[in-house]
Amino acid sequence: MSKRIDVSDLNVYYGDFRAVEDVNITLDPKSVTAFIGPSGCGKSTFLRTLNRMHEVIPGARVEGKVLLDGDNLYADGVDPVTVRSQIGMVFQRPNPFPTMSIRDNVLAGVKLNSRRMPRSDADELVEKSLRGANLWNEVKDRLEKPGSGLSGGQQQRLCIARAIAVSPDVILMDEPCSALDPISTLAIEDLINELKDEYTVVIVTHNMQQAARVSDKTAFFNIAGTGKPGKLIEFAETATIFNNPAEKSTEDYVSGRFG
Amino acid sequence: MSTTKLAPAKGAGPERSGRIGDKVFSGAALGAGALIVTVLFAVALFLIVQALPTFTANPADITGGEGFFAYIFPIVIGTLIAATIALLIATPIGVAVALFISHYAPRSLARGLGYVVDLLAAIPSVVYGAWGASFLASQLKGPYAWLADNLGWIPIFGGPASGTGKTILTAGIVLAVMVLPIIASLTREIFLQAPMLHQEAALALGATRWEMIRMAVLPFARGGIISAVMLGLGRALGETMAVALVLSSGPLIASLIRSGNQTIAAEIALNFPEAFGLRMHELIAAGLVLFVITLAVNMVARWIINRHKEFSGAN
């Protein structure tokens with residue numbers, strides 16, 4: 001399943017400080033949307049509000065609406081736990097559970113819903129998810145070994161396998177390649193291209209070539225200065241953002257004349 | 001930044017002055033390590049030498065008249081019973097308190113609670129002993145009588161219940177209160193160190209707070225919890241004053257709610273002032289036995305921790 005996300009008038013606050021101001025954006029299903037912008041412009045913060053992971057940070061709160069195929073994630077009575085099981089997330093640093101085997105890592109999210117599944121079904125799901133993350137051939141002989149023994153790139157793909165094992169509607173990626181070498185990065189980018197056949201993918205990246213390579217649409221975020229809130233400056237087809245942006249600041253940023 | 005100040009201005013030659021710091025530090029570390037081993041070895045040697053006459057003495061001369069083993073066995077069991085009760089009570093409560101402070105309580109409350117738990121550890125054991133003997137024991141008379149009436153068919157609750165409440169169970173409960181702050185504050189530190197990275201990973205998969213704790217906090221803290229429990233056990237095994245005041249001792253019995261049983265530490269403390277000659281060697285031998293038990297417990301704990309090294313996240 002793949003669902004559309006509609007964000008309207010979203011503001012994010014840390015205590016009294018407004019970190020992100022008035023974002024309106026629509027993320028299409030079965031497509032890759034990239035968020036680019038300088039450090040501290042609020043793009044990671046905004047990404048986290050899409051599955052309510054910002055609530056982990058004390059004092060963080062949101063005003064506005066995020067609709068997942070029409071259902072407001074911030075409506076009264078919506079449990080953030082349910083939201084997160086529908087909208088998966090991959091983090092900047094690979095974070096497989098060090099105390100679990102590769103197999104258990106893949107099944108970690110599925111086991112949460114306390115669904116007791118027969119071993120054969122579990123095996124099938126492990127294989128399907130690891131194949132989905134292009135990792136199966138590398139780990140099929142050591143599924144019972146700890147996930148922390150894999151290389152950084154493999155760990156990140158394991159995290160992606162873990163995220164897709166719960167069959168989410170959307171996958172959020174917060175700079176998923178920033179801790180990886182170019183070859184592992186390429187492997188993840190290929191994977192992102194395959195993932196968009198089934199999921200809505202949103203990726204935050206500092207690497208503009210990466211945004212240009214993997215995304216269909218790109219959103220550029222910026223801040224006016226320190227202490228000011230981050231804003232969505234421009235959102236358009238990736239080709240437009242990089243070749244013919246409407247805003248001067250977008251052009252400056254993508255052409256490297258920033259700051 | 002003294003190293004930069006001392007470094008020669010022109011280029012860094014092979015003999016940089018930072019090396020002196022390294023040498024001093026490694027010497028100091030080696031010395032400290034050697035000192036610990038020496039002290040441990042000296043204590044062990046003292047215990048063995050002083051205990052030796054007990055093992056060579058005529059069995060009839062040993063307290064009880066049936067040799068050292070018959071003398072020491074009941075109080076070893078008594079010690080283990082008291083420590084086990086203490087840990088059975090204190091471990092779950094201590095871990096729960098620590099989890100509450102580290103992951104559930106609002107920040108302002110957590111800080112205050114943390115201080116209170118640390119303060120509990122600062123109360124002298126004689127105070128706990130006095131509290132246990134004068135207050136807790138009499139409060140427990142009723143429950144003990146109830147246990148004897150209703151669960152008396154289980155040997156550990158066999159009646160008639162103690163009229164004073166000064167039983168090994170009371171002693172165990174007092175010990176539990178004493179080791180609780182050790183377990184709670186050590187495990188709290190470990191829980192606070194659980195990597196945010198993995199906690200977020202669990203939450204992002206749709207884990208509730210408790211599921212997140214089970215996936216990302218408890219497995220990480222496993223070794224730390226075992227260490228904390230072992231430190232608590234060390235205190236429970238060696239605690240003297242509280243047991244001496246709370247327990248009205250006697251021969252080894254199965255029932256936990258009757259007067260009876262004794263622990264090694266309390267046995268030594270109560271008898272040492274009047275002991276001389278063979279009796280003193282006997283008590284030191286008892287101390288040696290306690291030393292060996294503690295050592296064995298620590299080694300087992302280390303073994304348990306090491307067994308799961310591959311999955312500890314240290315690699």
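Strands β9 (residues 217–223) and β10 (residues 230–237) of chain A run antiparallel to each other, paired over seven bridges; strands are DSSP E runs of at least two residues and helices are H or I runs of at least four, both numbered from the N terminus, and pairing takes at least two DSSP bridges between two strands. Within this pair, Ala219(A) sits opposite Phe235(A) of β10(A).

All of this comes from a predicted model, where local features need pLDDT of at least 70 and side-chain atom pairs count only at pLDDT 80 or more, while totals for chains, interfaces and linings use all residues. Residues count from 1 along each chain as its sequence is written, and chains are lettered from A and ligands numbered from 1 in the order written.

Zooming out, β9 and β10 belong to an open, mixed sheet of 10 strands in chain A, ordered β5-β4-β1-β2-β10-β9-β3-β8-β7-β6. β5 (71–72) and β6 of chain A each have a single partner strand, so one side of each has no neighbour in the sheet.

β6 of chain A also turns up at the chain boundary: along with α2 (80–86) and α3 (102–112), β6 (87–90) supplies at least two residues to the side touching chain B. In total, 23 residues of chain A contact 21 of chain B (contact means C-beta atoms, placed from the backbone, within 7 Å). Here's the chain A side by class:

| Class | Members | Count |
|---|---|---|
| Nonpolar | Ala, Val, Leu, Ile, Met, Phe, Trp, Tyr, Cys, Pro | 12 residues |
| Polar | the others, Gly among them | eight residues |

Technical notes:
Two residues are in contact if their C-beta atoms, placed from the backbone, lie within 7 Å.
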